[in-house]
Amino acid sequence: MRMSVPRVGSLHYMVQDFCRRAGIGFVEPPAYRQDTIERGVAASPEHFCFPMKVLIGSAMESLEAGADTLVTVAGYGACRFNYFAELERRILEREGYEFQMIAFDSPRDSVPDFYRNLRAVTRGTSFHLPRVVKELSLVLDKGHVFDEITKKEIAIRALEAEDGAVDRAVRDSRALLADAFSKEEIAGARAAIASRFEEVPLELDRPHVSIGVTGEIMMAIEPYFNLDIERWLARKGAVVERSIYMSDLMTPFGRNPVQGWTDEEMERTADPYLCHEVGGHGQINVAAAVDYARRGFDAIVHFFPFTCLPEVIAKTIFVRLSSELKIPVLSLSIDEQTGRAGMQTRLEALLDLAWTTKRKKGSDHFLHSAAR
Amino acid sequence: MKIGLPRALLFHQYGDCWVSFLDALGLEPVVTDATTGDTVVTGTVYADNESCLPVKVFAGHLLDLKETADVILVPRVISQRPGMKACPKYLGLPDMARALDPDLPPVVAPIMDLSDRRARWVADWHQLALDLGKSRHAAGCAVDTLLGRLRESEERRAPAARGSMPIGVAGHLYNVHDQGASLGLLERLGAMGAEVFTVEQVPGRQVRHQLKTLPRKIKWDFESRIVGAVMHWSRTRSVEGVIYVSSFACGPGSMIGPLLEDQLSRERSVPLMTIILDEHSSEGGLVTRLEAFTDMLRRAPASRGRAARREVDGA
């Protein structure tokens with residue numbers, strides 16, 4: 001079996017790690033290109049959301065690169081991604097590909113289905129169930145460390161004293177993590193990475209703004225679709241925090257180690273604005289936005305695919321949230337027609353606003369006049 | 001006290017249940033009038049531009065209530081059958097309503113979760129009645145009325161009849177039965193000589209039976225009913241053609257549309273036409289497409305017959 005998974009954040013990193021442990025063949029999905037998008041758009045129905053079109057294109061590329069099994073997570077609850085796996089199978093079959101498709105639902109929906117899928121993946125390996133569970137928890141641990149690197153990286157890149165210092169730290173950290181497999185090795189790597197980041201020279205008193213990045217997972221995480229937002233913002237002097245990490249979403253029991261809050265805390269934070277989950281990551285993003293506003297961030301950027309159901313709800317709510325909590329929010333909807341220049345212009349406008357907000361926050365005089 | 005109810009979205013399914021609940025409490029329900037062009041325009045201006053047409057229509061109705069109602073009732077429908085989920089738009093609807101306009105009257109959002117056989121969700125409605133200043137007894141009676149009406153509405157079903165040209169119209173209740181939103185689709189089809197069948201005329205048992213043949217379960221309740229009904233029509237050949245009505249930016253609709261296309265073409269079954277509604281839909285465009293579809297159906301059996309005759313002659 002040579003399997004492939006969608007390229008979203010740290011997902012393929014974690015699955016690749018699992019495959020190495022279990023001795024399963026893995027085909028890394030090729031990095032996104034314009035061609036991926038065009039092929040996906042050509043093969044998909046018009047009204048699929050953008051990530052689905054991209055994933056169809058990406059699946060074609062993976063299959064052509066030698067994969068014979070597509071493994072995918074079948075979406076969160078009510079969002080349209082829930083039925084994507086079945087349609088993806090039908091579309092790719094129509095295009096003439098031969099493959100097997102394994103779509104994982106959340107074990108919360110059905111434990112037997114989850115187990116059956118797990119068996120389908122680990123068939124042909126020597127792993128028995130307890131071993132699979134143990135290895136999966138180690139893989140998750142590793143995923144958390146991987147995402148923590150990103151979290152540190154985006155928080156300090158705008159403040160690095162010399163160009164490329166953070167990039168070097170990231171490269172070293174990933175190398176440290178790559179060879180860690182056992183529990184002790186992963187803990188060791190985590191400590192080594194922490195001290196590696198300590199060494200990065202920073203200019204802490206450099207003026208900067210703080211920006212929160214939220215949105216649908218693929219648009220918010222994958223740099224190809226969002227102008228590589230975290231680097232772009234860092235170049236403009238913004239310290240960045242992101243609301244969503246793949247390894248957090250994979251973690252069971254409502255824990256989110258990278259983000260550092262539990263699902264209950266998240267729901268409580270979102271409650272005044274959105275008191276029910278709406279599928280996808282709508283509620284997480286509303287909660288994150290409330291959190292950013294309370295912690296005094298200067299602006300929020302919100303990425304979502306055109307007509308995304310949960311994020312359109314979040315966007316509607318952001319209008320109210322923005323005026324009540326006095327924080328600028330820029331919602332950017334992305335699809336195959338999105339132009340980079342248009343996005344850049346609007347982001348620049350948001351940054352101007354953020355700098356102004358920041359300066360005004362510093363001056364009491366303005367606060368008084370605003371209150372009046 | 002006047003309780004406002006927007007005539008949109010799930011009102012088309014549960015509206016009379018909600019009204020009877022308010023009646024039982026002795027509150028005055030204010031239901032907005034049927035959708036007009038103006039409703040759609042207001043909704044489009046206020047609602048988020050990427051919402052689907054029914055949500056924009058909902059926003060239009062909601063703003064109609066701004067002056068006339070003291071409280072607006074927007075129940076949060078979570079699920080309609082065990083193991084099923086509602087579209088995210090229903091789940092977040094009350095929160096969206098609150099975010100729409102700061103000057104709106106307060107929005108109350110009791111939960112409705114029909115997947116719960118023990119109906120624990122009625123506690124929310126009971127509490128709502130108490131919050132509106134009613135006695136415990138009155139609240140209990142009203143909740144009983146609500147549950148009774150819900151049971152009745154599940155059993156109610158229009159008789160199916162076979163006409164000269166049976167056409168199945170599959171789509172959400174709030175699109176198909178809202179003449180303002182669908183530009184009078186059903187009436188126009190009737191005027192063209194079609195016998196129109198809609199999704200709710202297919203018995204639930206048939207729908208569930210057909211759904212079992214799908215490799216992956218559809219978890220949206222409404223959409224699973226649409227798919228089950230269309231598969232029933234197509235496999236029993238009880239209609240000559242199917243018109244699938246969806247709205248632009250409808251999430252679940254954008255998934256089952258391609259599914260139906262794929263399924264019906266794999267089975268080489270009846271013709272399927274998809275009509276996507278949005279606030280820009282024009283009557284002219286709609287009529288042209290409906291005429292083309294009915295003309296095609298009218299000619300199809302004849303041409304099939306001719307082809308068969310030619311084969312016989314050739315042999």
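This is a predicted model: local features need pLDDT of at least 70, side-chain atom pairs count only at pLDDT 80 or more; totals for chains, interfaces and linings use all residues.
**Entry 1: domains of chain A**

I began with the domain assignment of chain A. It gives domain 1 (2-127), domain 2 (128-205) and domain 3 (208-371). I then took domains 1 and 3 of chain A as a pair. Their centres, taken over C-alpha atoms, are separated by 28 Å. The contact draws 17 residues from domain 1 of chain A and 21 residues from domain 3 of chain A. On the domain 1 side, I listed the elements that give two or more residues: α1 (11-22), α2 and α3 of chain A.

**Entry 2: helix α2 of chain A**

Which residues of helix α2 (residues 34-43) of chain A are buried? I found A:Thr36, A:Ile37, A:Arg39 and A:Gly40. I noted the general rule on helices here: with 3.6 residues a turn, residues three or four places apart point the same way. The buried residues of α2(A) pack against α3 (50-64) of chain A.

**Entry 3: domains of chain B**

Chain B is divided into domain 1 (2-155) and domain 2 (166-314). I looked up the separation of their centres over C-alpha atoms, and it is 29 Å. The contact takes 25 residues from domain 1 of chain B and 22 residues from domain 2 of chain B. On the domain 1 side, α1 (11-24), α2 (37-46) and α3 of chain B each give two or more residues. α3(B) gives the most, with four residues. By class, this side has twelve nonpolar, nine polar and four charged residues.

**Entry 4: a sheet in chain B**

Next I traced an open sheet of four strands in chain B. The order is β2-β1-β3-β5, and the pairing is parallel. Why do β2 (28-31) and β5 (107-108) of chain B stand at the edges? Each has a single partner strand, so one side of each is left without a neighbour in the sheet. I then followed the pairing of strand β1 (residues 2-5) of chain B with β2(B). Four bridges join these parallel strands. For one residue I looked up the partner: B:Gly4 is bridged to B:Val30 in β2(B).

**Entry 5: where chain A meets chain B**

How many residues does each chain bring to the contact? Chain A brings 33 residues and chain B brings 27 residues. On the chain A side, the elements that give two or more residues are α4 (84-94) and α14 (309-325) of chain A. The largest share, nine residues, comes from α14(A).

**Entry 6: the nonpolar core**

Last, I looked at the largest nonpolar core. It has 193 residues. Those with the most contacts inside it are A:Ile211, A:Val301 and A:Ile317. Helix α3 (residues 53-68) of chain B supplies the largest share of this core, eight residues.

I then checked what surrounds A:Ile211. Leaving aside neighbours within four places in sequence, A:Ile211 is in contact with A:Leu233, A:Ala238, A:Val240, A:Phe297, A:Asp298, A:Ala299, A:Val301 and A:Ala354. A:Val301, one of these partners, is itself listed among the residues with the most contacts inside the core.

Notes
Residues are numbered from 1 along each chain as its sequence is written. Chains are lettered from A and ligands numbered from 1 in the order in which they are written. A nonpolar core is a set of buried Ala, Val, Leu, Ile, Met, Phe, Trp, Tyr and Cys residues joined through C-beta atoms within 7 Å. A residue is buried if 20 or more other C-beta atoms lie within 10 Å of its own, exposed if 12 or fewer, and partly exposed in between; C-beta atoms are placed from the backbone. Two residues are in contact if their C-beta atoms, placed from the backbone, lie within 7 Å. Domain bounds come from an automatic or database domain assignment. Ala, Val, Leu, Ile, Met, Phe, Trp, Tyr, Cys and Pro count as nonpolar, Asp, Glu, Lys and Arg as charged, and the others, Gly among them, as polar. Two strands pair if DSSP finds at least two bridges between them.
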